[in-house]
Amino acid sequence: MSDDRGRQQVEEPEEWQRLDPRNLLLDPVKALGQFLVPAVIALVGLSARNDGLPWWSLPVVVLGAIAFGVLPWLTTGWRITDTQFQKRTGLLNRTTSTAPLDRVRSVDLEASLLHRVLGLAKVQIGTGVDDDRITLDAVSRERAAGLRAHLLARRQVAVPAPAGAPHELDDGSGEANGPAVSAPAPETLLAAVDWSWLRFAPFSLGRLVLLAGLVGLLGQFGEDLPFLDEEHLTDGWRWVTSFAVWLVAAVVLVAGLVLWVLVAVTGYVVQWWDMRLTRGQGSLHLTAGLFTTRSISVEETRVRGVELREPVLLRLVGGGELSTLATGVGSEGVTRILPPCPRPVCVGVGDDVLGAPGRLTTDLTPHGPLARRRSHVRQALTVLDLALLSVLPVVLLDVAWLGWWLPVAVVVVGLPLAAVVAEASYRHLGHALDPTHLTVGHAQVARLRTVLETDGIIGWVLTESWFQRRLGLADLVATTAAGAEKVLLRDVPRDRAIALADTATPGVLTAWTA
Amino acid sequence: MGAWKTRGMTQAPATPPPAGLREPAHQVSPRAVGYWRIAATIPSAVVAVLVVGGYVVWWLTEGRPSWWALVLAGLVLVVLVVYPVVMPPVRYRVHRWEVTDTAIHTRAGWITISSRIAPLSRVQTVDSRQGALMRLFRLASLTVTTASAAGPITIDCLDAEQARELVATLTAITGASEGDAT
C-alpha cells in the first residue's frame, strides 16, 4: 500500500525533485559529526599552544557545519524520465548522473539511527557498473520504498528473465515462475536470523579490527591521561609483579577473552538484528540491523554465484558464512547474505539461491600429486623465508641474547605446521563443472568454495610460472564481472585446465584447441 | 602492410607448441625488442649509478665495505646488466597474439607466462597507448578490457599502423554485439 502511494509520487511529471526537507536537520548533524574530530583536535592543539581559544572558533565550526549541510540540499535534485533516472548535484561544478531505467540492477535502502528518528532512508541505485552507484541521501521512508518498487518493477518489465535461467529451476515450493509473472509474487522467506547462531559470533574474527582500533585509540589518548606517567606506571608494575606472573597472565587472558566475546556478540546483534533474507519479484532482499537498518536487493539474474567461506575458527565449531557474487552491487560485488551461522544453513540457502542442490557439498576433482607437492613446497618456503627474516636481527642488530636458536626454532616449529597447513589446503583444492556452474574449492587459512555460473565467465587467464611449466601445471583464472571479478583454480594440470575452460565456455577456445 | 602478417605467420614457432592450446598466430613488431631493451636499460642504468655511487661514498667515508656487501653489490650489478640483455628477445619470442571473429587470445611474459582469452562479445573497451619512447620506435600497445578488473588483455608493442587498424576492427566487431557484457 505504501508502495502504491510511492509509485504515484515518483510517476509525477519529470520535474526535478528535492531531497526531503528533513535533510536540513540531517546533514548539519552529519557534517558536524564529520567535523567534530578534526575540529576537536585542532581546538585542543590550539588551546595547548596559547592558553584559551579564540572567541570565534565555536561559531565558525557550527556555521561551517550548517553551510555544508544546507548546500547539498539546495543543489541536489533528482527525477525520473521515461527512460532514465537522473540526479544532479553541485553548486559550481554541476554533475548529472544518470542511470537508464532498464539498467538498474539493485536498489538498496539504508537508514542510520539518525535517519530512522527522522523517518528518512538513504537510497543507493546500482547499475551494471560497479563503482558508480547513485546515492540519494535522504528521502522519506515511504518515498524510498516507492522509488525502489517503481525502479525494480520498471526493470522487470524491461528485462524479462531469460527462460530456463538456472534460478528458476526451483525446489517446487510454489514460486517457481517468479521473475516472469507481472503481478508482484509473494515474497518467500529463505532465511531469518536464529539467535542460537549467536554462539558463532566470538569465532568470527572480522570484528577484531574494531577492537584493535579501540586499543589504538586508547593508546593515542592514553598519553594525556593524568595517571599514565612514569611514576604511576612503575608503581603499578611493582604492584602487578608482586603477584605470580602466571596469575597476571591468566587474568589478562581471561579479561581479553571476556572483552572479545562481549564485542563480538554486541556487534553480531547490532549488525544482524531482525535479519531476513527473502526472494520475490526476481530479486533477493536482505534486511538487517538494530540501529542502522540496511535493506539490500539484488536482481537474481545478476547473481552469478555464491561463495561459502569457512574461516579456521568458525570451521572448528561447524559454522560458515555465505555471500552472493553479483554484478553491479557496489565495490567488490560480494554481498554477505547470511551472518556466521551453521554450515548446513549456509549450504541450504546457497542451494536455494543457486536453484539446484549439491554444488556446495559435492566432491571436487582434486588437482593431483604435483599440486600437492607444490602446496607443500609453498608452505615450507614461507617458513624458510620467516627463518631467514629471523636471522636478520641477529646479524644486523648484533642482538647476542637472541642467538642462533631463533631461526632454528622457527624452522623446527614451522615446518611441521607448514606440512599440516599444506595438506589441509590441498585436501580442499579442487574443481567441478556441471552444465551451468563452475565450482572451485580453495583453502589457505579460510576454506572457500566458490560456485560461479559459467554464463558469467567473461574470459580466461592461464598463468604458468617457470616451476609450474616444468611440472605441467598452470593457474587458471576465470574472469567475471561478479564478486571479486576472478575465480582462481590453483595448480591445475595444464591440459585439464584447457579442457575445462573449453567445456565451460563453448566456442571461445575453439580456434586454438582444434 | 601485409608484411607483418606474413612475417608473423611464417616464422617458425620459437617454443614447442604446448599440448591442448595452439599458440596465437602473430608476433608483435620486431622493433619491440629494441624498445624493450631501451626501456629496461634506462631504469637499470639509474639503479646501477645509485648503487655504485652509494658504495663509493661508503668506501670514502667508512672505509672498505665488508666482503658480503661487495658480493651483494656485484650480484645486483650483474642482474642489472643481464636483464636488459636477456629479457627483450625472450619476451619477443613469447609474446604472441591472435584475433578471430569471436575471440582474442594473447600470450605474454618471459619467466612467468600467461595466456589470456576473452570472447569479443564480452569486450567493453578497446584502448591504444603510445608513449613518447614508443612513438620513436613507431610502436603502439593495445588493451582490450572486459567487465572484470582481472581480465584486461594487452598486446604490447604492435606496429603503430597495424595497431590503428586492429583498434578499428575490434571496435567494429565489439560494437555489433548486444547486451552489457557482464
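Me: Is A163(B) buried or exposed, and how many other C-beta atoms lie within 10 Å?
Reply: This is a predicted model, in which local features need pLDDT of at least 70 and side-chain atom pairs count only at pLDDT 80 or more, while totals for chains, interfaces and linings use all residues. Residues are numbered from 1 along each chain as its sequence is written, with chains lettered from A and ligands numbered from 1 in the order in which they are written. A residue is buried if 20 or more other C-beta atoms, placed from the backbone, lie within 10 Å of its own, exposed if 12 or fewer, and partly exposed in between. A163(B) is therefore buried, and its count of other C-beta atoms within 10 Å is 23.

Me: In what order do the elements of chain B run from the N terminus on?
Reply: Chain B has 5 helices and 7 strands. Of its 182 residues, 29% count as buried. Starting at the N terminus, the order is α-β-α-α-β-β-β-β-α-β-β-α.

Me: Which element gives the largest share of the side of chain A that touches chain B?
Reply: Chain A gives 27 residues to the contact and chain B gives 28. On the side of chain A, the elements with two or more residues there are strand 19 (457–464), strand 20 (473–480), helix 14 (494–504) and helix 15 (510–513). The largest share is 7 residues, and it comes from strand 19 of chain A.

Me: How many charged residues does the side of chain A that touches chain B have?
Reply: Here Ala, Val, Leu, Ile, Met, Phe, Trp, Tyr, Cys and Pro count as nonpolar, Asp, Glu, Lys and Arg as charged, and the others, Gly among them, as polar. On that side 12 residues are nonpolar and 9 are polar, and the number of charged residues is 6.

Me: Which residue in strand 4 of chain B is the bridge partner of E464(A)?
Reply: Two strands pair if DSSP finds at least two bridges between them. Strand 19 of chain A and strand 4 (residues 113–119) of chain B run antiparallel and are joined by 5 bridges. Within strand 4 of chain B, the partner of E464(A) is I113(B).

Me: Which strands are the edge strands of the 7-strand open sheet in chain A?
Reply: The sheet has the order 7-6-5-11-10-9-8, with antiparallel pairing. Strand 6 (residues 120–126) and strand 7 of chain A, for example, pair over 7 bridges, and I125(A) stands opposite I134(A). Pairing on one side only marks the edges, which are strand 7 (133–140) and strand 8 (188–192) of chain A.

Me: At about what angle does helix 10 of chain A run to strand 8 of chain A?
Reply: Axes are lines fitted to C-alpha atoms, for helices over the stretch in contact, and angles run from 0 to 180 degrees between N-to-C directions. Helix 10 (residues 343–354) of chain A lies across strand 8, strand 9 (276–280) and strand 10 (283–288) of chain A, and its angle to strand 8 is about 155°.

Me: Where in helix 12 of chain A does the kink lie?
Reply: Helix 12 (residues 405–427) of chain A has 23 residues and reaches 33 Å from first C-alpha to last, close to the 33 Å expected at 1.5 Å a residue, the expected span being 1.5 Å times one less than the number of residues. The bend at a residue is the angle between axes fitted to the seven residues ending there and the seven starting there. The kink of about 30° comes shortly before the proline P416(A), at G414(A).

Me: Which residues is W272(A) in contact with, leaving aside its neighbours within four places in sequence?
Reply: W272(A) lies in helix 8 (residues 245–272) of chain A. W272(A) counts as buried because it has 21 C-beta neighbours inside 10 Å. Apart from the sequence neighbours, its contacts are V193(A), A288(A) and P339(A).

Note on methods
Helices (H or I, at least four residues) and strands (E, at least two) are DSSP runs, numbered from the N terminus. Two residues are in contact if their C-beta atoms, placed from the backbone, lie within 7 Å.
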